[in-house]
Amino acid sequence: MQFPYKHFPKVIGHRGACGYAPENTLASMHKAKELGVEWVEFDVMLTQDGEAIIIHDNNVNRTSNSKGEVAKLSYAAIKQLDAGSWFSKDFSNEKIPSFIELIECLCELNLNANIEIKPYPGFERETAIKTVELIHEHWPKDKEPPLVSSFSSESLFTARQIDKELVLGVLLHRWQANWQHYPDELDAVTVHVNQKILRPKYVEAIKASNR
Ligand code: MG
């Protein structure tokens, strides 16, 4: 696939603007816009009852006023949580958004997205299927397409199986000599390497692969 973006920003807001507002909330997306970024990154995971929500960790312990594994909490229970006070009491009204709410927010703010499929362990396929389904139903056709990434190869291959046109990026925690097979097979347009293991020669290799 040709790289589909005419203008791709050097800076993408991680989980919105996670240094300035509670990560992965609508407030964080608004803050990112205010700070001038054009793209935001966020994480999609499924609740116990299969709703797609925006959260990074496998549990709500760090980023809410409660405790529990995301895959063991219903969407209704998740919606009761305060997802802002852990960051600052100024954000005590923040909720964990659904993926649909987040897409609506991005449309309102005219932001584009790097959507990370972040499956709860064991739900790699389900999370990818739901994420792609919701992109098909809710991402406006006239809006620049999102970049969909994941550390899970099972999630990415599932997404690719469903949609040949989907713009994909691979996330790598580890570098391997034969790394290029993976994005080639997926027809992925970007390779995102954990900064802790990134080396200049890896950057050169990725650029040489036209990514
Ligand atoms: Mg992420």
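Which residues of helix α5 (residues 153–162) are buried? In this predicted model, the buried residues of helix α5 are S155, L156, T158, A159 and R160. An α-helix has 3.6 residues a turn, so residues three or four places apart point the same way. The partners of the buried residues of α5 include both helices and strands: these residues pack against β4, α4 (124–138), β5 (147–150), β6 and α6.

Rolling a probe the size of a water molecule over the atoms shows where empty space is left. The largest pocket has a computed volume of about 1,000 Å³. Its lining is made up of 30 residues, and those closest to the centre of the pocket are I12, L171, V191, H192 and V193. Two or more lining residues are given by each of β2 (39–46), β4 (112–117), β7 (190–193) and α7 (200–208). Strand β7 contributes four residues, the largest share of this lining. By class, the lining of the largest pocket consists of 13 nonpolar, nine polar and eight charged residues.

The second largest pocket holds about 280 Å³ of space. The residues that line the second largest pocket are F151, S153, L171, L172, H173, R174, Q176, N178, W179, H181 and Y182. The elements that supply two or more residues to this lining are β6 (167–172) and α6 (181–186). Five nonpolar, five polar and one charged residues form the lining of the second largest pocket. L171 has a place in the linings of both pockets: in the largest pocket, L171 is among the residues closest to the centre, and L171 is also listed in the lining of the second largest pocket. Strand β6 and helix α6, which give residues to the second largest pocket, are also among the elements against which the buried residues of α5 pack.

A search of the whole structure finds zero disulfides. C18 takes part in no disulfide, and the nearest cysteine sulfur, that of C105, lies 16 Å away. With a relative accessibility of 30%, C18 counts as partly exposed. For C107, the closest cysteine sulfur is also in C105, at 9.1 Å. A disulfide requires two cysteine sulfur atoms within 2.5 Å, so the sulfur of C107 is too far from that of C105 for a bond. C107 is likewise partly exposed, because its relative accessible area is 32%, a value that lies between the limits of 20% for buried and 50% for exposed residues.

How values were computed: Residues are numbered from 1 along each chain as its sequence is written. This is a predicted model: local features need pLDDT of at least 70, side-chain atom pairs count only at pLDDT 80 or more; totals for chains, interfaces and linings use all residues. Side-chain values use heavy atoms; hydrogens and water are left out. On a 1 Å grid over the protein atoms alone, a cavity is a set of points where a 1.4 Å probe fits but cannot get out, and a pocket is an open set with protein on both sides within 12 Å along at least five of seven lines; lining residues have an atom within 4 Å of a point. Grid points are joined across faces, edges and corners, and a volume is the space filled by probe spheres set on the points. Ala, Val, Leu, Ile, Met, Phe, Trp, Tyr, Cys and Pro count as nonpolar, Asp, Glu, Lys and Arg as charged, and the others, Gly among them, as polar. Buried means under 20% relative accessible area, exposed over 50%, partly exposed in between (1.4 Å probe, protein chains only). Contact means heavy atoms within 4.5 Å.
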